[in-house]
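Have a look at the structure first, then read on.

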Amino acid sequence: MKITLSIIKADIGSIGGHLQPSDKLLNTIEEHLNSYGNDQFIDFYLGYTGDDVFILLTHRKGINNRQIHQLAWDTFMVGTATAKKQRLYGAGQDLLSDSFSGNIKGLGPAVAEMEIEERENEPFLVFTADKTDPGAYNLPLYLSFCDPMHNPGLLLSPKIGDGFTFTVMDVSHTEQDRIIQLNTPEDIYNLAALLRDNERFVVESIHSRKSQEQAAAASTTRLHHIAGKYVGKDDPVLLVRVQSHFPAVGEILSPYSIGHYVAGFMRGSHHGPLMPVKKNTTVSYFDGPPMVNALAFCVSEGKLTEPVDCFDQPFWDHIRDKVSRKSLDLREQGFSGPAMLPYSELEYGGITHKMEELEKRFDFR
Ligand code: 13P
Ligand code: 13P
Ligand code: MG
Ligand code: MG
Ligand code: MG
């Protein structure tokens, strides 16, 4: 029987500025989730990365299920009440609507879901990022699924050598989902042409061409398109199944050794290298650096194992040092050129007003 993996995350308030949720907020959410009967869902795992709280739910209700989305929405509302009581910063920040309207997507929280037939063994990874946007996963997913430099399985394993189908979304379209499907390896240059534009084109899902099974699902929420103003970064989540017809776990993790530059960091308006961090890592330097955590699970009839914290291993200390150096390299640039995001990404903030005012002071000589 099929099971659904749903990861739903929201920033509903944090200690300090945008650092991390309080224990009380997390306890409230955990207690609330424990109050549901097992007719609602099978299992859950609650965690956070930076100031973003995520709930991983397993159930048999399929993706975009109203009850599951309502349950997540209600849980975040209950958590927000605690955040308000504690006067946490940005209480309810990502809940952009006053009420629930059937599907939590489009209301602020980030969602990634997959309905799967459990394999004989079912390992998968959960990625949660803070201080960045959904395009942050574009390059790692491209490298893990298309490039033998990171995925030797493309050469060594006939189970994945046929390639994958990428579904890419044009997130500049807000009224309707605008998508394109590209098959690797024949479309890899087309795929790269789209994925280079992290702010506009985002990987939504990936399927195995050999088995047709779904390999990955990512959140595509762009908060500023929903709110029409700056309301924090999207802080995307991603589910990836591993092994067998999918890349091995190490092949999925390999590209995170790059610490590639992504959008985000201070006030969501800069570029910074993506740091692979341990679970429950706080935010710090320059409201960053942009960070990503990866947890590995196995699941059996919806029951989750405990997570393994993929970046909690000595190798990644070296990478974190490198990423810190890369952060400082770009930060030395201040606001200049590539350090800050282009105007199109900043126009949701106060800079629009500033530019309007300055326009009035310009004159022709
Ligand atoms: P094990 O022999 O440890 O299962 O490793 C197999 C493998 O292919 C790792 O990528
Ligand atoms: P968050 O989206 O994580 O709340 O980041 C907001 C921000 O502007 C940090 O400077
Ligand atoms: Mg925040
Ligand atoms: Mg955040
Ligand atoms: Mg955010």
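Lys233 counts as buried because 31 C-beta neighbours lie inside 10 Å; the cut-offs are 20 or more other C-beta atoms within 10 Å for buried, 12 or fewer for exposed and partly exposed in between, with C-beta atoms placed from the backbone. Please keep in mind that this is a predicted model, where local features need pLDDT of at least 70, side-chain atom pairs count only at pLDDT 80 or more, and totals for chains, interfaces and linings use all residues. Residues are numbered from 1 along each chain as its sequence is written, while chains are lettered from A and ligands numbered from 1 in the order in which they are written.

**Around Lys233**
- Lys233 sits in the loop between helix 6 (223-227) and strand 10 (237-241).
- Leaving aside neighbours within four places in sequence, Lys233 is in contact (C-beta atoms within 7 Å) with Lys131, Thr132, Asp133, Gly264 and Gly268.

**Annotated positions**
- UniProt, in an unreviewed entry, lists Asp11, Tyr230 and Lys233 under "active site".
- These residues are spread over 223 residues of sequence yet cluster in space, with a largest C-alpha distance of 14.1 Å.

**Around Asp11**
- Asp11 is found in the loop between strand 1 (2-10) and helix 1 (23-34).
- Asp11 is buried too, because it has 31 C-beta neighbours inside 10 Å.
- Not counting residues up to four places away in sequence, Asp11 touches Asp51, Asp52, Gly90, Gln93, Asp94, Gly232 and Asp235.

Definitions and conventions:
UniProt positions are given in the numbering used here, feature names are shortened, and annotations may be inferred rather than shown by experiment. Helices (H or I, at least four residues) and strands (E, at least two) are DSSP runs, numbered from the N terminus. Two residues are in contact if their C-beta atoms, placed from the backbone, lie within 7 Å.
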